[in-house]
Amino acid sequence: MKGIDPRTPVLVGIGIVEQKEKDPAKAREAVQLMIDAVRAAGADCGAPLLPAEAQRIYVPQGLWGYADPARMIARAIGAEGARTVYAKVGILQQTLIGDACARIAAGEIETAIVVGGEARFRALQAQIAGTEAAETPFDEAPDEVLTPQEELQLPLEIDSGLGMMPVGYYALVESAFRAAQGLGVAEHRDRLAAMYSRFSEIAADNPHAWKRERLAPAEIRDATPRNRMLAFPYTRLHNTSWNVDQAAALLLCPAARAEALGIARSRWVFPRASTESNHMLALSERPALHRLPGARIAGQRALELSGLAPGALDFVELYSCFPVAVELYAAELGIPADRDWTVTGGMPFAGGPLNNYVLQATARMAELLRDKPGSSGLVSSVSGYLTKQGFGVWSAEPGPRGFVFADVSEEVAAESPPRVVVPPADGVARICGYTVMHHNDQRVCGVALLDLPDGTRTLANTLDQALMDRLESEECCHREAQLAGGRFSLDREP
């Protein structure tokens with residue numbers, strides 16, 4: 001351990017668990033998968049009793065009903081003295097990892113576990129069978145609850161039809177990004193399909209991926225009965241797969257403790273930096289839809305603190321709930337498209353347990369870093385509708401500054417003055433982003449975010465099928481639109 005600060009946090013154990021049991025009576029529930037993942041992490045580092053020493057156990061909220069799953073895990077592994085932390089949806093998953101590492105580096109704790117999981121496949125199988133996937137009741141309160149500010153959805157966004165599904169928000173941003181790149185609608189759809197086809201190839205080589213089938217671009221790009229359009233240009237295969245039974249656990253301790261336990265040096269993975277922006281702006285208020293200052297500032301800070309340039313990263317995992325999240329993060333960090341942007345295969349293929357994917361991805365990243373001495377990698381996080389951004393930088397060797405945490409929320413806020421959003425009034429406006437919402441193979445409505453002549457913003461929609469067809473075949477960003485009665489229309493000629 002020469003040259004390493006004894007307090008340096010080290011990821012020593014990882015546990016990745018999945019099940020595809022179709023009989024819900026035999027399938028394990030979510031908390032059992034999490035317990036299995038923690039035990040697997042202990043076995044992974046060769047110190048199976050280390051999890052019992054945990055002083056803090058962090059669990060991000062899932063789609064299950066346990067009040068304090070961390071306490072259930074603590075009792076199952078013998079960590080009765082652990083302080084339990086429950087993070088509600090909206091807290092960046094990277095926040096939990098960063099907090100654990102910061103407390104270890106500060107000498108506050110010796111051992112921490114960050115673990116999460118879902119059993120949505122089990123619940124789906126029970127629904128298909130007409131039965132119930134019962135959960136162990138547990139109503140005890142956690143020691144700490146991390147609660148975010150309420151996610152921002154303006155009433156006007158919801159009323160416009162954009163609030164039908166989260167996918168609509170991302171699809172609208174996608175249109176603005178496409179226009180800023182100067183891509184045609186068809187060309188852009190081809191590019192997204194090729195990107196996600198490559199993701200499916202990576203998933204096929206990931207032993208932990210939920211779907212390991214290589215898909216051709218056309219299978220992803222075009223809507224079919226099994227790949228419905230959800231919000232143009234996103235089909236189902238552009239979206240996360242959350243009906244999965246997956247869990248992951250990260251076991252962390254100081255370098256001195258790892259050495260004392262005799263954990264092989266080849267198992268150590270070092271967190272170099274954890275950064276986050278928790279500044280929130282509603283989608284309609286963002287100054288430029290095709291930019292994401294939080295990703296740029298937090299991502300660049302993570303790399304600076306780590307002593308790494310983007311080109312020096314051996315592996316990159318960009319959060320992939322929807323394609324534009326991947327694209328915007330890559331653009332803001334200057335990560336070129338000629339390299340892979342995922343190590344898992346992404347959330348549509350590797351699996352996207354609701355609020356646990358970053359843990360799954362970090363565990364996979366650790367496997368790859370262990371296999372390549374001297375390597376480094378970056379894992380990104382997203383919360384809400386791209387409202388919060390987080391980054392973790394990891395390496396097989398310690399960073400020049402050990403572990404460093406930074407919250408850049410104030411810097412991001414200073415660079416992101418909100419636009420004023422007003423109800424639509426009759427007149428002329430310019431489209432800055434749009435999408436077409438679909439349901440059951442039918443177009444439901446077109447939704448546009450528009451800039452008004454006085455510098456304010458508004459939202460409007462259309463139910464006109466001919467116009468929705470144009471929205472899906474022509475570039476309509478930056479086009480002038482007519483507003484009347486909360487609807488928008490376009491001149492006949494582009």
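The model is predicted. The chain has 14 helices and 18 strands. Its radius of gyration is 23 Å, close to the 23 Å that the globule rule gives for 494 residues, so the chain is as compact as a globular protein of that length.

**Overall form**

- Along the principal axes, the C-alpha atoms fill a box of roughly 75 × 55 × 40 Å.
- Buried residues account for 58% of the 494 residues.
- Take the contacts between residues at least 6 apart in sequence: 78% of them join residues at least 24 apart.

**Surface and charge**

- The chain exposes about 18600 Å². Carbon and sulfur atoms supply 51% of that area.
- There are 48 positive and 62 negative charges.

**Nonpolar cores**

- The largest nonpolar core holds 93 residues. Tyr170, Leu318 and Leu386 have the most contacts inside it.
- Helix 12, residues 357–371, gives this core its largest share, with 9 residues.
- Which residues does Tyr170 touch, leaving aside its neighbours within four places in sequence? They are Tyr234, Cys321, Phe322, Val324, Val382, Gly384, Tyr385 and Leu386.

**Backbone exceptions**

- Most residues other than glycine have a negative phi, and most peptide bonds are trans.
- The peptide bond from Phe232 to Pro233 is cis, with omega near 5°. Pro233 sits in the loop between strand 6 (229–231) and strand 7 (234–235).
- Leu386 is not a glycine, yet its phi is positive, near 60°. Its place is the loop between strand 11 (376–383) and strand 12 (388–395).
- Is Leu386 buried or exposed? Leu386 is buried, because its relative accessible area is 4% and the cut-off for buried is under 20%.
- His478 is not a glycine either, and its phi is positive, about 75°. The loop that holds His478 runs between helix 14 (465–471) and strand 17 (480–484).

**Phe199, a helix residue**

- Phe199 belongs to helix 7, residues 185–204.
- With a relative accessible area of 3%, Phe199 is buried.
- Which residues are in contact with Phe199, leaving aside its neighbours within four places in sequence? They are Ser320, Val326, Trp341, Thr342, Gly345, Gly346 and Phe349.
- Phe199 and Leu215 are 16 residues apart along the chain. Their C-alpha atoms are separated by 9.0 Å.

**Phe391, a strand residue**

- Phe391 lies in strand 12.
- Phe391 counts as buried because its relative accessibility is 0%.
- Phe391 and Ile158 are 233 residues apart in sequence. In space they are 30 Å apart, C-alpha to C-alpha.

How values were computed. Residues are numbered from 1 along each chain as its sequence is written. This is a predicted model: local features need pLDDT of at least 70, side-chain atom pairs count only at pLDDT 80 or more; totals for chains, interfaces and linings use all residues. Side-chain values use heavy atoms; hydrogens and water are left out. Helices (H or I, at least four residues) and strands (E, at least two) are DSSP runs, numbered from the N terminus. The radius of gyration is taken over C-alpha atoms; the globule rule is 2.2 Å times the number of residues to the power 0.38. Buried means under 20% relative accessible area, exposed over 50%, partly exposed in between (1.4 Å probe, protein chains only). Contact means heavy atoms within 4.5 Å. Accessible areas come from the Shrake-Rupley method with a 1.4 Å probe; for residues, only the protein chains shown count as cover. Lys and Arg count as positive and Asp and Glu as negative; His and the chain ends are not counted. The place of a charge is taken as NZ of Lys, CZ of Arg, CG of Asp or CD of Glu. A nonpolar core is a set of buried Ala, Val, Leu, Ile, Met, Phe, Trp, Tyr and Cys residues joined through side-chain atoms within 4.5 Å.
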